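Subject: Structure handover and notes

Hello,

I am passing on the structure that you will be looking after, and below it you will find my notes on what turned up. Please keep it open beside you while you read.

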Amino acid sequence: MQFKPKLLAGLVFVVAGTAQSATQSAVDLVCKAERVGPFLDFEYRFTMGMWFRLPARQFWGAPVGIDLEIEVSPVHDTPGEPIWIDDRVQGTQPMPSGTKGELYFSRGISLGPGRYVADWTLRDDQGRSCRGTRQFRAALSRRDRDVEVSLAPGEVVDAGVYLFRPEDSIPRPHLRGPSRLKIFVSMDVMNRRGQVVRPRLLHLLPLVATLRQLGRSPRFNEFSVVVFSFEDQDILVRQDYGSEIDFRSLSGVIDELEPDTVDVSDLIYGSEMNFFEELLSSELLGSDPPDGVVFVGREMNFGKTVPKSTLARVRALGAPVAFLDASRYAWRGAMGNLARALGGREYVLRRPGDLARAVSAFENQVIDSIPQ
């Protein structure tokens, strides 16, 4: 039996106002659990998400303190050993009496093919608990039956810990000088209603997988990563050029983002594009010139581009540009418009196989840009 370290995948308080009522008294903790997946992700493993929802009223007058335990066991003819995954949700202030709505949080698990059963228990600091069981199967669809999955049958790992695992350094002796790749990663997620919602672990899967594929490219030996948010208009993580991508530094990104939802119409008109222009100026024009530029993320429906003067200065760098778009919905927005304006290409990531094809196509862009 294995024990995995704690890693909070997401905690959100959904507050719907206040009401006057007596504090709820109950022996059991009231909760609901929902399962998402398992689905084949961009690293060719099956990922399942567990979402837990708890009415806020049962925590009135006390700080929220909840322990989560999940035991995932291979069953039937699936090989492997059970694994325990635990987590802790801890509030710092008492829940105000009269608060309506729910609090919810999620946990991600990655698996190899097979049949499993997940037994989960939630316990709060008042001694109350709730528990449940979910049975599920991870299997390739007919469309993906030729895919070689990256986890063995019955293998179970903590999705968050596994997601941010470090990469081994890759020697590239054929590159006799620095070949620099600049990667911009947008953390914003937009739903079909045009609202910017905070990313969760499942949103991060294609972004981190894309970084891994780019970091393994034989065309580059130095990598600089800038993780940013249009909504916050801030750089969340920045890595200067180095021989490998520091995935550990990315693991705290979600914790730095406040768990709220903001409508794009609430943003100051044009401010997001002003931030984007400043980001390009400081990171592309104010540092070592790159040999390739890639934008990774989900498109935002601003539908604009940066001023022509800035475009001209970035275009003068002569670096191939690509946008790897993980959007669920089709927008015409800032990053795609920029890539097209610079003569680059936009690659849509809808299925796991799209990622390998997109990275390969970008590498061909780089090769074609080298003077013969």
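I begin with Glu-244, which, leaving aside residues up to four places away in sequence, touches Glu-167, Asp-168, Ser-169, Phe-223 and Gln-239, where a contact means heavy atoms within 4.5 Å. This is a predicted model, in which local features need pLDDT of at least 70 and side-chain atom pairs count only at pLDDT 80 or more, while totals for chains, interfaces and linings use all residues. Residues are numbered from 1 along each chain as its sequence is written, and side-chain values use heavy atoms, with hydrogens and water left out.

Glu-244 lies in the loop between S15 and helix H3 (253-256); helices (H or I, at least four residues) and strands (E, at least two) are DSSP runs, numbered from the N terminus. With a relative accessibility of 36%, Glu-244 counts as partly exposed, a class that falls between buried (under 20% relative accessible area) and exposed (over 50%), using a 1.4 Å probe and protein chains only.

The side chain of Gln-239 reaches the backbone nitrogen of Asp-246 at 2.9 Å. Not counting residues up to four places away in sequence, Gln-239 touches Phe-223, Ser-224, Val-225, Glu-244, Ile-245 and Asp-246.

Next come the aromatic rings. A search of the whole structure finds 11 aromatic pairs; rings of Phe, Tyr and Trp (its six-membered ring) pair if their centres lie within 6.5 Å, and planes under 30 degrees apart count as stacked, over 60 as edge-to-face and the rest as tilted. Phe-228 and Phe-230 form an edge-to-face pair, at 5.2 Å centre to centre with 75° between the planes. The rings of Phe-230 and Phe-276 have centres 5.3 Å apart and planes at 55°, so this pair is tilted. That pair links distant parts of the chain, since Phe-230 is in the loop between strand S14 (222-229) and S15 whereas Phe-276 is in helix H4 (residues 271-285), 46 residues apart. Both Phe-230 and Phe-276 are buried, and Phe-228 is buried too, with a relative accessible area of 0%. Ring pairs join Phe-184, Phe-228, Phe-230, Phe-275, Phe-276 and Phe-295 into a cluster.

What about helix H7? The buried residues of H7, including Leu-355, Val-359, Phe-362 and Val-366, pack against several elements, among them strand S3 (32-40), helix H2 (201-215) and strand S19 (345-348).

Finally, for the chain as a whole, there are 7 helices and 19 strands, and buried residues make up 52% of the 372 residues. Among contacts between residues at least 6 apart in sequence, 77% join residues at least 24 apart.

Best wishes

Notes
A polar contact is a pair of N or O atoms within 3.5 Å; within protein, one must be able to donate a hydrogen and the other to accept it, and residues adjacent in sequence count only if both atoms are side-chain atoms.
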